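Take a first walk through this structure.

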Amino acid sequence: MNYTQTYHQESRVKKRFQLFSSIFMKITGVLVTLILALFILLPIVVICIAALWKHEIFGIASEQWIEGANKSDFSFAYVIYVWNTYHEMIFFSLKLAFFAVVLCAILGIVSSFAIASSTFKGRAWLEALILSPISIPGIAMSVALIQCFGIIRGNWTLVLMGHLVYTFPFMYRTLKSELESRDIVTLNRVAQTLGANLWKRLILIGIPSMRRGLLSGSLMVFTISWGEFNVSYLLNTPLNQGFPAAMYSAFTFSSFRVSCSATLLFLVILFPALLLLHLTNSIGTSNDDSRSLSKRNIFGVQGV
Amino acid sequence: MGVLVLQSIRGEHFVLENYALIFSDSSFRQALFNSLGLSAGVALLSTLLCLMPAWVFAKFQIPGKAILRAIFTIPLSFSGVIVGFLMIFLFGRIGFIPQLLEQLTGYNHFSGIAYQFSGLLLAYLYFEIPRATLSLESAISKMDAQLENASYSLGASVLQTFLWIRLPLLFPAILQSFAITFSASLGSFGVALILSKRISFLSLELFEQYIGFLNLGLAAAMAVTLVLISILVNIITLSWSNRLGYSRSING
(Lines give C-alpha, C1' and ligand atoms only; values in the text may rest on other atoms or scores of the structure.)
Protein backbone atom coordinates (compact mmCIF):
# COMPACT_ATOMS: atom_id res chain seq x y z
CA MET A 1 0.00 0.00 0.00
CA ASN A 2 2.67 2.39 1.08
CA TYR A 3 4.86 1.47 -1.86
CA THR A 4 2.16 1.99 -4.47
CA GLN A 5 1.25 5.32 -2.94
CA THR A 6 4.77 6.65 -3.24
CA TYR A 7 4.98 5.22 -6.73
CA HIS A 8 1.86 7.04 -7.79
CA GLN A 9 3.07 10.19 -6.18
CA GLU A 10 6.39 9.92 -7.96
CA SER A 11 4.80 9.31 -11.31
CA ARG A 12 2.46 12.23 -10.78
CA VAL A 13 5.42 14.48 -10.05
CA LYS A 14 7.17 13.15 -13.10
CA LYS A 15 4.15 13.69 -15.29
CA ARG A 16 3.77 17.21 -14.04
CA PHE A 17 7.42 17.84 -14.74
CA GLN A 18 7.02 16.46 -18.24
CA LEU A 19 4.02 18.61 -18.91
CA PHE A 20 5.82 21.64 -17.57
CA SER A 21 8.93 21.06 -19.61
CA SER A 22 7.01 20.38 -22.82
CA ILE A 23 5.09 23.62 -22.35
CA PHE A 24 8.37 25.35 -21.63
CA MET A 25 9.86 23.99 -24.85
CA LYS A 26 6.81 25.03 -26.81
CA ILE A 27 6.97 28.56 -25.48
CA THR A 28 10.69 28.81 -26.17
CA GLY A 29 10.17 27.53 -29.70
CA VAL A 30 7.43 30.02 -30.44
CA LEU A 31 9.49 32.80 -28.90
CA VAL A 32 12.54 32.01 -31.00
CA THR A 33 10.33 31.84 -34.08
CA LEU A 34 8.83 35.21 -33.31
CA ILE A 35 12.25 36.76 -32.74
CA LEU A 36 13.54 35.42 -36.05
CA ALA A 37 10.40 36.63 -37.83
CA LEU A 38 10.96 40.05 -36.31
CA PHE A 39 14.57 39.94 -37.46
CA ILE A 40 13.37 39.26 -40.98
CA LEU A 41 10.53 41.75 -40.96
CA LEU A 42 12.10 44.70 -39.14
CA PRO A 43 14.48 45.93 -41.86
CA ILE A 44 11.79 45.59 -44.51
CA VAL A 45 9.30 47.66 -42.54
CA VAL A 46 11.89 50.24 -41.59
CA ILE A 47 12.97 50.65 -45.20
CA CYS A 48 9.40 51.04 -46.43
CA ILE A 49 8.85 53.79 -43.87
CA ALA A 50 12.18 55.38 -44.68
CA ALA A 51 11.35 55.58 -48.37
CA LEU A 52 8.27 57.66 -47.72
CA TRP A 53 8.94 59.54 -44.50
CA LYS A 54 11.34 62.38 -43.90
CA HIS A 55 14.72 61.19 -42.85
CA GLU A 56 15.43 63.23 -39.77
CA ILE A 57 13.57 60.68 -37.68
CA PHE A 58 16.34 58.20 -38.45
CA GLY A 59 18.99 60.74 -37.54
CA ILE A 60 20.21 61.08 -41.12
CA ALA A 61 20.34 64.75 -41.93
CA SER A 62 22.00 65.01 -45.32
CA GLU A 63 19.91 64.24 -48.37
CA GLN A 64 20.46 64.32 -52.06
CA TRP A 65 18.53 67.03 -53.85
CA ILE A 66 15.73 65.71 -55.96
CA GLU A 67 13.33 67.59 -58.17
CA GLY A 68 9.87 67.81 -56.72
CA ALA A 69 10.97 66.95 -53.19
CA ASN A 70 9.47 69.33 -50.67
CA LYS A 71 9.84 69.76 -46.99
CA SER A 72 6.74 67.81 -46.06
CA ASP A 73 7.18 64.73 -43.92
CA PHE A 74 5.48 62.26 -46.18
CA SER A 75 6.04 62.23 -49.91
CA PHE A 76 6.32 59.91 -52.84
CA ALA A 77 8.83 62.20 -54.56
CA TYR A 78 11.74 59.84 -54.12
CA VAL A 79 9.84 56.82 -55.33
CA ILE A 80 8.81 58.80 -58.39
CA TYR A 81 12.42 59.86 -58.90
CA VAL A 82 13.57 56.24 -58.76
CA TRP A 83 10.82 55.25 -61.18
CA ASN A 84 11.83 57.97 -63.61
CA THR A 85 15.48 57.04 -63.40
CA TYR A 86 15.26 53.28 -63.50
CA HIS A 87 11.95 52.38 -65.14
CA GLU A 88 13.64 50.98 -68.24
CA MET A 89 15.54 48.55 -66.06
CA ILE A 90 12.37 47.57 -64.26
CA PHE A 91 10.74 46.78 -67.59
CA PHE A 92 13.83 44.89 -68.69
CA SER A 93 13.76 42.77 -65.54
CA LEU A 94 10.05 42.17 -65.91
CA LYS A 95 10.57 41.08 -69.49
CA LEU A 96 13.29 38.67 -68.41
CA ALA A 97 11.13 37.28 -65.64
CA PHE A 98 8.18 36.88 -67.99
CA PHE A 99 10.15 34.99 -70.60
CA ALA A 100 11.82 32.90 -67.92
CA VAL A 101 8.39 31.91 -66.59
CA VAL A 102 7.02 31.04 -70.03
CA LEU A 103 10.05 29.05 -71.15
CA CYS A 104 10.39 27.31 -67.78
CA ALA A 105 6.73 26.34 -67.94
CA ILE A 106 7.02 24.87 -71.43
CA LEU A 107 10.28 23.04 -70.75
CA GLY A 108 9.07 21.96 -67.32
CA ILE A 109 5.82 20.49 -68.61
CA VAL A 110 7.58 18.44 -71.25
CA SER A 111 10.58 17.28 -69.23
CA SER A 112 8.82 16.55 -65.95
CA PHE A 113 6.13 14.57 -67.78
CA ALA A 114 8.75 12.67 -69.74
CA ILE A 115 10.81 11.82 -66.67
CA ALA A 116 7.95 11.16 -64.26
CA SER A 117 5.91 8.99 -66.59
CA SER A 118 8.65 6.76 -67.87
CA THR A 119 11.02 4.42 -66.12
CA PHE A 120 14.15 4.42 -68.25
CA LYS A 121 17.61 3.88 -66.81
CA GLY A 122 19.71 6.85 -65.85
CA ARG A 123 16.67 8.84 -64.75
CA ALA A 124 18.30 9.64 -61.43
CA TRP A 125 21.42 10.96 -63.15
CA LEU A 126 19.43 13.14 -65.51
CA GLU A 127 17.45 14.50 -62.60
CA ALA A 128 20.59 15.22 -60.60
CA LEU A 129 21.94 17.12 -63.62
CA ILE A 130 18.78 19.19 -63.91
CA LEU A 131 18.74 19.98 -60.21
CA SER A 132 22.47 20.67 -59.91
CA PRO A 133 22.28 24.48 -60.37
CA ILE A 134 20.69 24.68 -56.92
CA SER A 135 23.86 23.59 -55.23
CA ILE A 136 26.38 25.15 -57.63
CA PRO A 137 27.35 28.69 -56.63
CA GLY A 138 25.61 31.15 -58.94
CA ILE A 139 28.73 33.15 -59.64
CA ALA A 140 30.59 30.06 -60.85
CA MET A 141 27.69 29.18 -63.11
CA SER A 142 27.56 32.59 -64.72
CA VAL A 143 31.31 32.59 -65.36
CA ALA A 144 30.92 29.22 -67.03
CA LEU A 145 28.03 30.52 -69.15
CA ILE A 146 30.02 33.50 -70.33
CA GLN A 147 32.98 31.32 -71.17
CA CYS A 148 30.75 29.04 -73.14
CA PHE A 149 28.44 31.48 -74.93
CA GLY A 150 30.55 34.61 -74.78
CA ILE A 151 29.89 35.38 -78.42
CA ILE A 152 26.33 36.43 -77.77
CA ARG A 153 27.19 38.52 -74.72
CA GLY A 154 25.30 41.78 -74.89
CA ASN A 155 22.31 40.03 -76.30
CA TRP A 156 19.65 39.62 -73.66
CA THR A 157 19.06 36.00 -74.59
CA LEU A 158 22.27 35.12 -72.75
CA VAL A 159 20.88 36.61 -69.55
CA LEU A 160 17.65 34.79 -70.16
CA MET A 161 19.63 31.58 -70.51
CA GLY A 162 21.32 32.21 -67.17
CA HIS A 163 17.96 32.85 -65.53
CA LEU A 164 16.57 29.69 -67.09
CA VAL A 165 19.40 27.52 -65.83
CA TYR A 166 19.04 29.05 -62.38
CA THR A 167 15.25 28.91 -62.07
CA PHE A 168 14.43 25.75 -63.96
CA PRO A 169 15.21 23.34 -61.09
CA PHE A 170 12.56 25.01 -58.94
CA MET A 171 9.90 24.68 -61.62
CA TYR A 172 10.92 21.13 -62.43
CA ARG A 173 10.81 20.01 -58.82
CA THR A 174 7.38 21.52 -58.21
CA LEU A 175 5.89 19.90 -61.30
CA LYS A 176 7.53 16.56 -60.60
CA SER A 177 6.23 16.34 -57.03
CA GLU A 178 2.78 17.26 -58.31
CA LEU A 179 2.94 14.51 -60.94
CA GLU A 180 4.31 11.91 -58.55
CA SER A 181 1.49 12.49 -56.09
CA ARG A 182 -0.96 11.24 -58.73
CA ASP A 183 0.67 8.01 -59.83
CA ILE A 184 1.36 9.29 -63.30
CA VAL A 185 3.12 6.09 -64.41
CA THR A 186 -0.07 4.04 -64.17
CA LEU A 187 -2.21 6.73 -65.74
CA ASN A 188 0.22 7.01 -68.59
CA ARG A 189 0.18 3.25 -69.17
CA VAL A 190 -3.59 3.12 -69.15
CA ALA A 191 -3.75 5.88 -71.73
CA GLN A 192 -1.12 4.11 -73.78
CA THR A 193 -3.14 0.87 -73.84
CA LEU A 194 -6.18 2.88 -74.89
CA GLY A 195 -4.21 4.10 -77.88
CA ALA A 196 -3.45 7.68 -77.00
CA ASN A 197 -0.32 9.04 -78.60
CA LEU A 198 2.33 11.01 -76.73
CA TRP A 199 0.88 14.39 -77.65
CA LYS A 200 -2.59 13.41 -76.47
CA ARG A 201 -1.25 11.97 -73.24
CA LEU A 202 0.67 15.13 -72.51
CA ILE A 203 -2.33 17.36 -73.09
CA LEU A 204 -5.02 15.19 -71.52
CA ILE A 205 -3.10 13.70 -68.59
CA GLY A 206 0.08 15.64 -68.02
CA ILE A 207 -1.07 19.23 -68.08
CA PRO A 208 -4.31 18.77 -66.14
CA SER A 209 -2.55 16.89 -63.37
CA MET A 210 0.12 19.54 -62.90
CA ARG A 211 -2.17 22.53 -63.15
CA ARG A 212 -1.67 23.80 -59.64
CA GLY A 213 2.02 23.00 -59.63
CA LEU A 214 2.30 25.03 -62.80
CA LEU A 215 0.80 28.06 -61.09
CA SER A 216 2.97 27.92 -57.98
CA GLY A 217 6.04 27.00 -60.01
CA SER A 218 5.55 29.97 -62.31
CA LEU A 219 5.11 32.33 -59.39
CA MET A 220 8.26 30.97 -57.81
CA VAL A 221 10.24 31.33 -61.02
CA PHE A 222 8.99 34.90 -61.26
CA THR A 223 10.03 35.84 -57.74
CA ILE A 224 13.46 34.25 -58.09
CA SER A 225 14.11 35.71 -61.50
CA TRP A 226 12.93 39.14 -60.35
CA GLY A 227 15.34 39.22 -57.43
CA GLU A 228 18.25 37.46 -59.08
CA PHE A 229 21.46 39.50 -59.01
CA ASN A 230 24.50 37.22 -59.11
CA VAL A 231 23.88 35.70 -62.50
CA SER A 232 22.35 38.65 -64.29
CA TYR A 233 24.90 41.20 -63.11
CA LEU A 234 27.77 39.25 -64.62
CA LEU A 235 25.95 38.22 -67.77
CA ASN A 236 24.62 41.64 -68.64
CA THR A 237 26.73 44.30 -70.23
CA PRO A 238 27.06 47.42 -68.06
CA LEU A 239 24.70 49.47 -70.20
CA ASN A 240 21.96 46.91 -70.27
CA GLN A 241 21.22 45.91 -66.70
CA GLY A 242 18.24 44.58 -64.81
CA PHE A 243 16.58 46.15 -61.82
CA PRO A 244 18.61 44.39 -59.08
CA ALA A 245 21.75 45.79 -60.67
CA ALA A 246 20.11 49.21 -60.75
CA MET A 247 19.45 48.78 -57.06
CA TYR A 248 23.10 47.94 -56.55
CA SER A 249 24.11 51.16 -58.25
CA ALA A 250 21.56 53.06 -56.16
CA PHE A 251 22.98 51.50 -52.99
CA THR A 252 26.52 52.43 -53.87
CA PHE A 253 26.07 55.87 -55.43
CA SER A 254 22.84 57.36 -54.12
CA SER A 255 21.57 58.53 -50.77
CA PHE A 256 19.78 56.40 -48.23
CA ARG A 257 16.36 57.62 -49.19
CA VAL A 258 16.81 56.93 -52.89
CA SER A 259 18.07 53.44 -52.06
CA CYS A 260 15.11 52.85 -49.77
CA SER A 261 12.74 53.98 -52.49
CA ALA A 262 14.36 51.60 -54.96
CA THR A 263 13.93 48.78 -52.46
CA LEU A 264 10.31 49.79 -51.94
CA LEU A 265 9.64 49.57 -55.67
CA PHE A 266 11.31 46.17 -55.74
CA LEU A 267 9.12 44.96 -52.88
CA VAL A 268 5.94 46.38 -54.41
CA ILE A 269 6.40 44.13 -57.42
CA LEU A 270 7.66 41.16 -55.42
CA PHE A 271 5.02 40.98 -52.70
CA PRO A 272 1.89 40.32 -54.78
CA ALA A 273 3.64 37.38 -56.40
CA LEU A 274 4.75 36.03 -53.01
CA LEU A 275 1.28 36.49 -51.57
CA LEU A 276 -0.31 34.67 -54.49
CA LEU A 277 2.24 31.90 -54.13
CA HIS A 278 1.32 31.37 -50.49
CA LEU A 279 -2.37 31.52 -51.26
CA THR A 280 -2.12 28.82 -53.93
CA ASN A 281 -0.09 26.65 -51.59
CA SER A 282 -2.43 27.06 -48.65
CA ILE A 283 -5.37 26.15 -50.89
CA GLY A 284 -3.46 23.10 -51.95
CA THR A 285 -2.78 22.04 -48.38
CA SER A 286 -6.29 22.58 -47.10
CA ASN A 287 -8.02 20.65 -49.87
CA ASP A 288 -6.50 17.28 -49.34
CA ASP A 289 -3.87 16.21 -46.90
CA SER A 290 -2.13 13.62 -49.02
CA ARG A 291 -0.66 16.21 -51.30
CA SER A 292 0.30 18.63 -48.58
CA LEU A 293 3.59 16.91 -47.85
CA SER A 294 4.79 17.26 -51.38
CA LYS A 295 3.53 20.81 -51.52
CA ARG A 296 5.61 21.74 -48.54
CA ASN A 297 8.77 21.18 -50.50
CA ILE A 298 7.92 23.63 -53.20
CA PHE A 299 10.71 25.99 -52.33
CA GLY A 300 13.04 23.28 -53.34
CA VAL A 301 15.54 23.60 -50.56
CA GLN A 302 15.82 19.89 -50.04
CA GLY A 303 19.16 19.69 -51.82
CA VAL A 304 20.13 17.29 -54.53
CA MET B 1 29.59 24.24 -69.72
CA GLY B 2 31.83 22.61 -67.17
CA VAL B 3 34.24 21.45 -69.85
CA LEU B 4 34.87 25.00 -70.92
CA VAL B 5 35.66 26.06 -67.41
CA LEU B 6 38.12 23.22 -67.23
CA GLN B 7 39.66 24.32 -70.50
CA SER B 8 40.26 27.80 -69.28
CA ILE B 9 42.14 26.42 -66.31
CA ARG B 10 45.30 25.99 -68.34
CA GLY B 11 47.88 28.53 -67.21
CA GLU B 12 50.44 30.35 -69.29
CA HIS B 13 53.44 28.47 -67.96
CA PHE B 14 52.21 25.20 -66.56
CA VAL B 15 48.94 23.40 -66.26
CA LEU B 16 47.57 24.07 -62.81
CA GLU B 17 49.21 27.48 -62.51
CA ASN B 18 46.02 29.28 -61.54
CA TYR B 19 45.23 26.80 -58.81
CA ALA B 20 48.76 27.10 -57.51
CA LEU B 21 48.27 30.86 -57.43
CA ILE B 22 45.09 30.56 -55.36
CA PHE B 23 46.87 28.51 -52.75
CA SER B 24 50.24 30.26 -52.83
CA ASP B 25 49.19 33.90 -52.93
CA SER B 26 48.55 34.86 -49.33
CA SER B 27 45.63 37.20 -50.03
CA PHE B 28 43.80 34.61 -52.12
CA ARG B 29 44.48 31.93 -49.55
CA GLN B 30 43.17 34.22 -46.84
CA ALA B 31 40.07 34.86 -48.96
CA LEU B 32 39.53 31.15 -49.36
CA PHE B 33 39.84 30.55 -45.62
CA ASN B 34 37.56 33.49 -44.88
CA SER B 35 34.96 32.08 -47.25
CA LEU B 36 35.17 28.62 -45.73
CA GLY B 37 35.06 29.91 -42.16
CA LEU B 38 32.18 32.26 -42.71
CA SER B 39 30.14 29.71 -44.66
CA ALA B 40 30.70 27.02 -42.06
CA GLY B 41 29.84 29.39 -39.23
CA VAL B 42 26.71 30.64 -40.92
CA ALA B 43 25.63 27.13 -41.87
CA LEU B 44 26.09 25.86 -38.32
CA LEU B 45 24.38 28.84 -36.73
CA SER B 46 21.42 28.94 -39.10
CA THR B 47 20.85 25.19 -38.85
CA LEU B 48 20.86 25.23 -35.06
CA LEU B 49 18.75 28.38 -34.81
CA CYS B 50 16.21 27.22 -37.34
CA LEU B 51 15.54 23.92 -35.60
CA MET B 52 13.07 25.76 -33.35
CA PRO B 53 10.97 27.49 -36.03
CA ALA B 54 11.03 24.36 -38.16
CA TRP B 55 9.73 22.42 -35.18
CA VAL B 56 7.05 24.99 -34.54
CA PHE B 57 5.90 25.01 -38.17
CA ALA B 58 5.87 21.25 -38.49
CA LYS B 59 4.27 20.20 -35.23
CA PHE B 60 2.42 22.99 -33.46
CA GLN B 61 -0.92 24.51 -34.22
CA ILE B 62 -0.59 28.16 -33.33
CA PRO B 63 -2.69 31.04 -34.59
CA GLY B 64 -1.11 32.94 -37.43
CA LYS B 65 1.20 30.11 -38.42
CA ALA B 66 0.59 30.66 -42.13
CA ILE B 67 1.57 34.31 -41.84
CA LEU B 68 4.70 33.43 -39.87
CA ARG B 69 5.71 30.87 -42.48
CA ALA B 70 5.14 33.43 -45.22
CA ILE B 71 7.39 35.88 -43.39
CA PHE B 72 10.08 33.23 -43.14
CA THR B 73 10.11 32.70 -46.89
CA ILE B 74 10.49 36.37 -47.81
CA PRO B 75 14.32 36.46 -47.89
CA LEU B 76 14.41 33.60 -50.41
CA SER B 77 13.74 35.95 -53.28
CA PHE B 78 16.06 38.70 -52.06
CA SER B 79 19.40 38.89 -53.73
CA GLY B 80 22.47 39.31 -51.58
CA VAL B 81 22.81 42.95 -52.49
CA ILE B 82 19.44 43.79 -50.99
CA VAL B 83 20.24 41.88 -47.82
CA GLY B 84 23.49 43.81 -47.59
CA PHE B 85 21.65 47.10 -47.88
CA LEU B 86 19.10 46.07 -45.27
CA MET B 87 21.93 45.27 -42.90
CA ILE B 88 23.62 48.61 -43.57
CA PHE B 89 20.37 50.36 -42.87
CA LEU B 90 19.94 48.48 -39.61
CA PHE B 91 23.50 48.28 -38.34
CA GLY B 92 25.52 50.79 -40.34
CA ARG B 93 27.39 53.72 -38.86
CA ILE B 94 24.17 55.72 -38.71
CA GLY B 95 21.92 52.70 -38.88
CA PHE B 96 18.46 52.36 -37.42
CA ILE B 97 19.29 50.23 -34.39
CA PRO B 98 22.32 52.25 -33.22
CA GLN B 99 20.27 55.42 -33.55
CA LEU B 100 17.39 53.87 -31.67
CA LEU B 101 19.69 52.69 -28.90
CA GLU B 102 21.27 56.12 -28.71
CA GLN B 103 17.83 57.62 -28.20
CA LEU B 104 17.13 55.09 -25.48
CA THR B 105 20.43 54.67 -23.69
CA GLY B 106 22.54 57.60 -24.79
CA TYR B 107 25.25 55.57 -26.45
CA ASN B 108 25.09 54.17 -29.97
CA HIS B 109 25.69 50.47 -29.46
CA PHE B 110 26.34 48.27 -32.48
CA SER B 111 27.26 51.25 -34.63
CA GLY B 112 28.93 50.12 -37.81
CA ILE B 113 28.98 46.41 -37.04
CA ALA B 114 27.47 45.85 -40.48
CA TYR B 115 30.95 46.24 -41.92
CA GLN B 116 32.60 43.87 -39.46
CA PHE B 117 32.63 40.13 -39.29
CA SER B 118 29.61 39.97 -36.97
CA GLY B 119 27.59 42.08 -39.37
CA LEU B 120 28.51 39.81 -42.24
CA LEU B 121 27.48 36.86 -40.13
CA LEU B 122 24.11 38.49 -39.41
CA ALA B 123 23.55 39.33 -43.06
CA TYR B 124 24.33 35.82 -44.21
CA LEU B 125 22.10 34.51 -41.43
CA TYR B 126 19.28 36.64 -42.78
CA PHE B 127 19.96 35.06 -46.13
CA GLU B 128 20.04 31.46 -44.89
CA ILE B 129 17.21 31.37 -42.34
CA PRO B 130 14.48 30.46 -44.87
CA ARG B 131 16.60 27.81 -46.57
CA ALA B 132 17.48 26.10 -43.30
CA THR B 133 13.98 26.39 -41.90
CA LEU B 134 12.21 24.98 -44.93
CA SER B 135 14.54 22.03 -45.38
CA LEU B 136 14.40 21.14 -41.68
CA GLU B 137 10.64 21.60 -41.57
CA SER B 138 10.00 19.10 -44.32
CA ALA B 139 12.20 16.58 -42.53
CA ILE B 140 10.50 17.10 -39.17
CA SER B 141 7.02 16.83 -40.60
CA LYS B 142 7.94 13.45 -42.08
CA MET B 143 9.14 12.20 -38.70
CA ASP B 144 7.29 9.45 -36.92
CA ALA B 145 5.51 10.72 -33.82
CA GLN B 146 5.02 7.17 -32.52
CA LEU B 147 8.66 6.84 -31.57
CA GLU B 148 8.41 9.89 -29.39
CA ASN B 149 5.25 8.66 -27.75
CA ALA B 150 6.87 5.28 -27.17
CA SER B 151 9.82 6.87 -25.45
CA TYR B 152 7.54 8.96 -23.26
CA SER B 153 5.46 5.96 -22.30
CA LEU B 154 8.64 4.12 -21.37
CA GLY B 155 9.26 6.86 -18.85
CA ALA B 156 11.87 8.97 -20.60
CA SER B 157 12.01 12.62 -19.75
CA VAL B 158 11.67 15.39 -22.29
CA LEU B 159 15.40 15.97 -22.35
CA GLN B 160 16.14 12.28 -22.77
CA THR B 161 13.66 12.00 -25.60
CA PHE B 162 15.14 15.03 -27.26
CA LEU B 163 18.72 13.79 -26.95
CA TRP B 164 18.24 10.13 -27.80
CA ILE B 165 15.18 10.03 -30.08
CA ARG B 166 14.64 13.33 -31.82
CA LEU B 167 18.21 14.40 -32.39
CA PRO B 168 19.42 11.12 -33.94
CA LEU B 169 16.32 10.99 -36.13
CA LEU B 170 16.91 14.52 -37.25
CA PHE B 171 20.65 14.24 -37.73
CA PRO B 172 20.53 13.49 -41.49
CA ALA B 173 18.23 16.47 -42.00
CA ILE B 174 20.55 18.66 -39.97
CA LEU B 175 23.48 17.57 -42.10
CA GLN B 176 21.56 18.26 -45.26
CA SER B 177 20.49 21.68 -44.12
CA PHE B 178 24.11 22.38 -43.22
CA ALA B 179 25.22 21.41 -46.73
CA ILE B 180 22.56 23.56 -48.41
CA THR B 181 23.27 26.66 -46.38
CA PHE B 182 27.01 26.13 -46.68
CA SER B 183 27.05 26.00 -50.45
CA ALA B 184 24.54 28.82 -50.75
CA SER B 185 26.61 31.16 -48.63
CA LEU B 186 29.83 30.07 -50.30
CA GLY B 187 28.60 31.23 -53.67
CA SER B 188 26.69 34.38 -52.83
CA PHE B 189 28.84 37.44 -53.27
CA GLY B 190 26.20 40.14 -53.23
CA VAL B 191 26.21 40.51 -49.46
CA ALA B 192 29.98 40.67 -49.31
CA LEU B 193 30.05 43.05 -52.28
CA ILE B 194 28.00 45.58 -50.34
CA LEU B 195 29.22 44.98 -46.81
CA SER B 196 32.77 43.76 -46.82
CA LYS B 197 35.30 46.56 -46.54
CA ARG B 198 38.46 44.82 -45.36
CA ILE B 199 37.58 41.16 -45.20
CA SER B 200 37.94 39.46 -48.54
CA PHE B 201 36.14 36.38 -49.79
CA LEU B 202 36.86 34.03 -52.62
CA SER B 203 33.63 34.83 -54.42
CA LEU B 204 34.48 38.52 -54.14
CA GLU B 205 37.99 37.94 -55.46
CA LEU B 206 36.48 35.98 -58.33
CA PHE B 207 34.21 38.89 -59.15
CA GLU B 208 37.12 41.32 -59.04
CA GLN B 209 39.38 39.15 -61.16
CA TYR B 210 36.64 38.68 -63.69
CA ILE B 211 35.23 42.18 -63.95
CA GLY B 212 38.21 44.24 -62.91
CA PHE B 213 41.26 42.50 -64.30
CA LEU B 214 39.68 40.25 -66.93
CA ASN B 215 41.93 37.48 -65.65
CA LEU B 216 39.72 34.76 -67.03
CA GLY B 217 41.91 31.79 -66.22
CA LEU B 218 42.26 32.72 -62.57
CA ALA B 219 38.56 33.53 -62.30
CA ALA B 220 37.68 30.19 -63.84
CA ALA B 221 40.02 28.41 -61.45
CA MET B 222 38.33 30.14 -58.52
CA ALA B 223 34.91 29.24 -59.87
CA VAL B 224 35.92 25.61 -60.19
CA THR B 225 37.35 25.68 -56.66
CA LEU B 226 34.05 26.98 -55.32
CA VAL B 227 32.07 24.38 -57.22
CA LEU B 228 34.37 21.59 -56.08
CA ILE B 229 34.14 22.64 -52.45
CA SER B 230 30.38 22.79 -52.51
CA ILE B 231 30.09 19.45 -54.30
CA LEU B 232 32.54 17.92 -51.82
CA VAL B 233 30.56 19.16 -48.84
CA ASN B 234 27.36 17.86 -50.40
CA ILE B 235 28.87 14.44 -51.04
CA ILE B 236 30.38 14.17 -47.56
CA THR B 237 27.16 15.07 -45.79
CA LEU B 238 25.10 12.86 -48.09
CA SER B 239 27.28 9.81 -47.56
CA TRP B 240 27.43 10.48 -43.83
CA SER B 241 23.67 10.69 -43.53
CA ASN B 242 23.26 7.63 -45.74
CA ARG B 243 25.57 5.64 -43.52
CA LEU B 244 23.64 6.76 -40.45
CA GLY B 245 20.37 5.73 -42.04
CA TYR B 246 21.83 2.37 -42.99
CA SER B 247 23.15 1.54 -39.53
CA ARG B 248 19.85 2.53 -37.99
CA SER B 249 17.91 0.29 -40.29
CA ILE B 250 20.15 -2.62 -39.27
CA ASN B 251 19.72 -1.88 -35.59
CA GLY B 252 15.99 -1.37 -35.75
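The paragraphs below go through these topics in turn.

This is a predicted model: local features need pLDDT of at least 70, side-chain atom pairs count only at pLDDT 80 or more, and totals for chains, interfaces and linings use all residues. Residues are numbered from 1 along each chain as its sequence is written, while chains are lettered from A and ligands numbered from 1 in the order in which they are written.

Start with confidence. The model scores ipTM 0.76 and pTM 0.77. Chain B has an average pLDDT of 77, where pLDDT is the predictor's confidence in each residue, from 0 to 100. In chain B, 88% of the residues score at least 70. Residues 246-252 of chain B stay under 50. For that stretch the model has 0 contacts beyond four places in sequence. (Two residues are in contact if their C-beta atoms, placed from the backbone, lie within 7 Å.)

Now turn to chain A. Its secondary structure comes to 12 helices and 0 strands. Helices (H or I, at least four residues) and strands (E, at least two) are DSSP runs, numbered from the N terminus. Of the 304 residues of chain A, 39% count as buried, that is, with 20 or more other C-beta atoms, placed from the backbone, within 10 Å of their own. Among contacts in chain A between residues at least 6 apart in sequence, 78% join residues at least 24 apart.

Next, the contact between the chains. Chain A gives 55 residues and chain B gives 65 residues. On the side of chain A that touches chain B, the elements giving two or more residues include helix 4 (138-149), helix 8 (211-227) and helix 11 (256-287) of chain A. Helix 1 of chain A supplies the largest share of that side, 16 residues. By type, the side of chain A has 33 nonpolar, 19 polar and 3 charged residues. Here Ala, Val, Leu, Ile, Met, Phe, Trp, Tyr, Cys and Pro count as nonpolar, Asp, Glu, Lys and Arg as charged, and the others, Gly among them, as polar.

Finally, a helix pair in chain B. Helix 7 (residues 117-141) and helix 9 (residues 158-187) of chain B pack at an angle of about 150°, their axes 9 Å apart. Axes are lines fitted to C-alpha atoms, for helices over the stretch in contact, and angles run from 0 to 180 degrees between N-to-C directions. Helix 7 and helix 9 of chain B are therefore roughly antiparallel to each other, a label for angles over 145 degrees. Residues that meet there include B:F127 and B:L136 in helix 7 of chain B, and B:L170 and B:I180 in helix 9 of chain B. The residues of this contact of helix 7 with helix 9 of chain B divide into 10 nonpolar, 5 polar and 2 charged.

Definitions and conventions. A residue is buried if 20 or more other C-beta atoms lie within 10 Å of its own, exposed if 12 or fewer, and partly exposed in between; C-beta atoms are placed from the backbone. Angles under 35 degrees count as roughly parallel, over 145 as roughly antiparallel, 65 to 115 as roughly perpendicular and the rest as oblique.
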